[in-house]
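Take a moment to look over the model before reading on. The text below starts at one residue, then widens to the whole chain.

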Amino acid sequence: MRRSLELLALLHDGAEHSGADLAHRLGISRAAIWNHIDRLRKEGIEVRATRGRGYVLEGGFEVLDTAEIHRRLQQLNCKGVTALEAVVVTDSTNERLLAALPNDNIHGRVLLAEYQTAGRGRHGDQWIAPPGSGLCMSLGWCFDSPPTTFSALSLVVGLAVVSTLAEQGICRAMLKWPNDIVRDGCKLGGILIEMRSESGGPCTTVIGLGINIRLSQLARGRIEQPSADLESAAGHAISRNALAAALLNSLCAKLSLFGRQGFAGFWPEWRQFDVLADEPVRLDLAERVVEGIARGVDENGALIIEHSGRREKFMSGHLRQG
């Protein structure tokens, strides 16, 4: 896959490139170029081939650039990011940060990837993100004294995302408890939080974030649920580097505040973006299924479901709408 991604990098400008030129630049045959193009298409990347002329990546894409992200973070006066790295391919950005523990301090460390071979969502679901189609990013964050409402962390991360999107002019982004960003009933992004903690001591978290920026029809065909992307919502191109910086700035600010004050200050804001409020839901638990009406979240971020004439709170489970 790495060689296919090298080819993709040559096509990122959206211009037409001949097969002979691409083959020369990569030091491989034209037949090998075709095989790599075929593999990219299977990943959901639309590359147009014109006989006798060459290949075009429709629309092109912006390559992740740590120098540009750093520059934008400085403009935003963001203090929380301590290290920033972008790689072409990895198994999982979350896994790479977790693997650095316990020897390294990963607080404020950011890892972005163009492609993940084992990107994950909650419940072990695969996160499908063709190279160049979005952001795959993880942030390490340490809480010396986790707040009592620590279980609401994913909700706070979601608020950082939707507030950033609103600042970028992308309206109607909403939150689906506990970790999905949605728009008009379609999934726009997801959050995966993993942690390592000591009893009564500090808690180190890795916050994984995946956001769809531009999904081709090929990519949509590989995703099992209805999906949305930012460029379709905005009606114009989105800079991945600018968006990464804006998201990191918002995340660092909200995580710092959450560490000091817990979820209480975020509770009213969450209600504004709660896509499930007063909607019928189904929650699959290990030993039972709960069907009822979602009534928001409590002060700890627990989902409230009204069913069988009463209201019950839940901290986990596989949630479905309708």
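Does Asp229 count as buried or exposed? Asp229 counts as buried because its relative accessibility is 3%. Buried means under 20% relative accessible area, exposed means over 50%, and partly exposed lies in between, with a 1.4 Å probe and protein chains only.

A word on the source comes next. This is a predicted model, in which local features need pLDDT of at least 70 and side-chain atom pairs count only at pLDDT 80 or more, while totals for chains, interfaces and linings use all residues. Residues are numbered from 1 along each chain as its sequence is written, and side-chain values use heavy atoms, with hydrogens and water left out.

Now find Asp229 in the fold. Asp229 sits in the loop between helix 7 (217-222) and helix 8 (230-234). Helices here are DSSP runs of H or I with at least four residues, strands are runs of E with at least two, and both are numbered from the N terminus. The Asp229 side chain makes a polar contact with the side chain of Ser232, at 2.7 Å.

Setting aside residues up to four places away, Asp229 touches Leu188, Asn212, Ile213, Arg214, Leu215 and Arg220. Contact means heavy atoms within 4.5 Å.

Move on to Ala245. This residue belongs to helix 9 (residues 240-261). Ala245 has a relative accessible area of 1%, so Ala245 is buried. Which residues is Ala245 in contact with, leaving aside its neighbours within four places in sequence? They are Ile69, Arg72, Leu73 and Leu76. Leu73 is 172 residues from Ala245 along the chain, yet their C-alpha atoms are separated by 5.5 Å.

Step back to the whole protein chain. The chain has 10 helices and 14 strands. Buried residues make up 52% of its 322 residues. Among contacts with a separation of 6 or more, 65% join residues 24 or more positions apart. The C-alpha atoms fill a box of roughly 70 × 40 × 35 Å, taken along the principal axes.

Technical notes:
Polar contact = N/O pair within 3.5 Å; in protein donor to acceptor, adjacent residues only side chain to side chain.
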